[in-house]
Amino acid sequence: MVGLKEELLKSIWHAFTALDLDRSGKVLSHNLCTVLNVPHDPVALEEHFRDDDEGPVSNQGYMPYLNKFILEKVQGNFDKVEFNRMCWTLCAKKNLSKSPLLISDEDAFKVWVIFNFLSEDKYPLIIVPEEIEYLLKKITEAMGAGWQQEQFDHYKIALNTSREGLSAWELIDLIGSGQFSKGMDRQTVSMAINEVFNELILDVLKQGYMLKKGHKRKNWMERWFVLKPNIISYYVSEDLKDKKGDIVLDGNCCVEALPDKDGKKCLFLIKCLDKTFEISASDKKKKQEWIQAIQSTVNLLRAGSPPPHKEARQKRKELRQKLLAEQEELERQMKELQAANENKQKELETVRKQLEAAAARAAEEEKKRLQTQVELQDRFSLELEREKMVRQKMEEQVAQKSSELEQYLQRVRELEEMYKQLQEALEDEKQARQDEETVRKLQARLLEEETAKRAELEKWHLQQQQTIQMTEAEKQELENQRMMKEQALQVAMEQLKQLELERKEALEQYEEVKKKLETAANNTKSWKDKVAHHEGLIRLIEPGSKNPHLITNWGPAAFTEAELEERQRSWKGKKATSE
């Protein structure tokens, strides 16, 4: 019933849109009840079309009344052609083209009904190009002409560029213009339209003249047979005015070929539950066509399938819906891809701006780093020059002290036989001088290590300058090496500071030894007078300290020999760690 309701609604829609509802709504409803064999309900009709602004037709529209009081009561026992003709009468005068057509009004009515059958289930009603092609092909085949596919393709391209499809009146104009039936007369076109109308609308699967054997008098009479999905009707002639009977078909019916007998040829038999019908076709080809058509109809009834043209229409609709769904899905995916692409573009633009900002910051930091490095190098060069000058002065002082020490030792050797009484003091002094010589050698070795450290520092400085000139691709690796070398430089600087501290401690010990020597000199002051009296010497050898202190180039050491060995082991361990 749902499919029947949809078919009825399409014809009613044409009539409804062509009328002034306030004036002719009652007339349309009355006519619909009449042709659809629906009982009239005058009370509901008057109530719905109440002549004021508060009536249902003003607030709810016409569809609630149409569904509730008319369509829901339709049983299917009405003449579809009469129903469509009533709706056509209401809408044709207003919409049918006034220009002359190659088809009659009756043919235009049939094209209009076929349009309602093939149109899409959405309003306003249109017929899509695929259904237009199907209909034109059917009409062309019925006329016995060849289908002009190329001509229709050009027409389809022009149609798709402007709209989705044609209205019923545009379809009538297209067929009536003769664009796809050139060379055919009006009668041929009319017969082709009638044949397509019978197949698609009246569900006529096959029709034609054949002989039928009577049940009572057993005589053979020529009848016009019309095969429909569940019935075979036979008439006196093809005008269908005098109907003689029906052969009701169901799943239990069957059709069989019979041999020729009683002078009749091309016989076949239709068996039903209550009756059997003997029929004679005009020739073997017609006989075979009718047997196949009837058997196919019975098979469809057994399977519960709709007629072939309705099933084909449903498949075409499903295919269009599937293609439309795929197209919508493709458009949705394209939109999603486009949105994702736009998001990616925005992200790439953001990343590009971030990279540019990062590059600017890196360039600024690199500039600051190079400036800081140049300043550190200048400061380091000044400190290195200052350190060289200090070391040179210290070396001159050491040389002067060494010269004085040689003179001092020479005087000691000249006076050692005269002053045997001072043997003990002289032995202590000699031991002190030997310790001082050992410490001086140790100090010289420390100076050599310091010189090596300075050379290593200068080497690192040169390597650091070379790393600045390397390519941008190696900058990160060289930066790591520079950090390691800076750490090594820092360790060397700490060792240098440690040496400075140790030098200061040695100077303090030297001062203490000097004080002890002065004390020893005071003790031997009386001897100076004797030596000056006997030998004429101005200076005497001053006795050294009795303690076994070490003497460095800067003075007496502030540590013992055991402490010196312990510090040597500590320096070697730090040097091995830094390397």
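**The surroundings of I172**

Not counting residues up to four places away in sequence, I172 touches W88, L96, L101, I103, A108, V111 and W112, where contact means heavy atoms within 4.5 Å. I172 is found in helix 10 (residues 168-176); helices (H or I, at least four residues) and strands (E, at least two) are DSSP runs, numbered from the N terminus. With a relative accessibility of 0%, I172 counts as buried. Buried means under 20% relative accessible area, exposed over 50% and partly exposed in between (1.4 Å probe, protein chains only). The C-alpha atoms of I172 and F109 are separated by 8.8 Å, although these residues are 63 apart along the chain.

The model is predicted: local features need pLDDT of at least 70, side-chain atom pairs count only at pLDDT 80 or more, and totals for chains, interfaces and linings use all residues. Residues are numbered from 1 along each chain as its sequence is written, and side-chain values use heavy atoms, with hydrogens and water left out.

I172 belongs to the largest nonpolar core, which has 66 residues. Such a core is a set of buried Ala, Val, Leu, Ile, Met, Phe, Trp, Tyr and Cys residues joined through side-chain atoms within 4.5 Å. The members that touch the most others are L8, L32, L36, F83, W88, W112 and I172. Helix 7 (residues 105-118) gives the largest share of this core, nine residues. Leaving aside neighbours within four places in sequence, L8 is in contact with L36, L71, V74, F78 and F83. Another core, of 21 residues, lies apart from this one and includes L227, I232, Y234 and I270.

Helix 7 also holds K110. K110 is buried yet has no salt bridge, and E106, the nearest side chain of opposite charge, is 4.5 Å away. Here Lys and Arg count as positive and Asp and Glu as negative, while His and the chain ends are not counted; a salt bridge is a side-chain nitrogen of Lys or Arg within 4 Å of a carboxyl oxygen of Asp or Glu. The K110 side chain does make a polar contact with the side chain of N194, at 2.4 Å. A polar contact is a pair of N or O atoms within 3.5 Å; within protein, one must be able to donate a hydrogen and the other to accept it, and residues adjacent in sequence count only if both atoms are side-chain atoms. Beyond four places in sequence, K110 is in contact with I193, N194 and F197.

R320 lies in helix 13 (residues 308-415) and E120 in the loop between helix 7 and helix 8 (129-143), so the pair ties together parts that are 200 residues apart in sequence. R320 is buried at 14% relative accessibility, and E120 is buried at 16%. The structure holds 30 salt bridges.

A search of the whole structure finds zero disulfides, a disulfide being a pair of cysteine sulfur atoms within 2.5 Å. For C91, the nearest cysteine sulfur is that of C87, 7.2 Å away. C91 is buried, with a relative accessible area of 0%. C253 is in no disulfide either, the nearest cysteine sulfur being that of C272 at 3.4 Å; C253 counts as buried at 1% relative accessibility.
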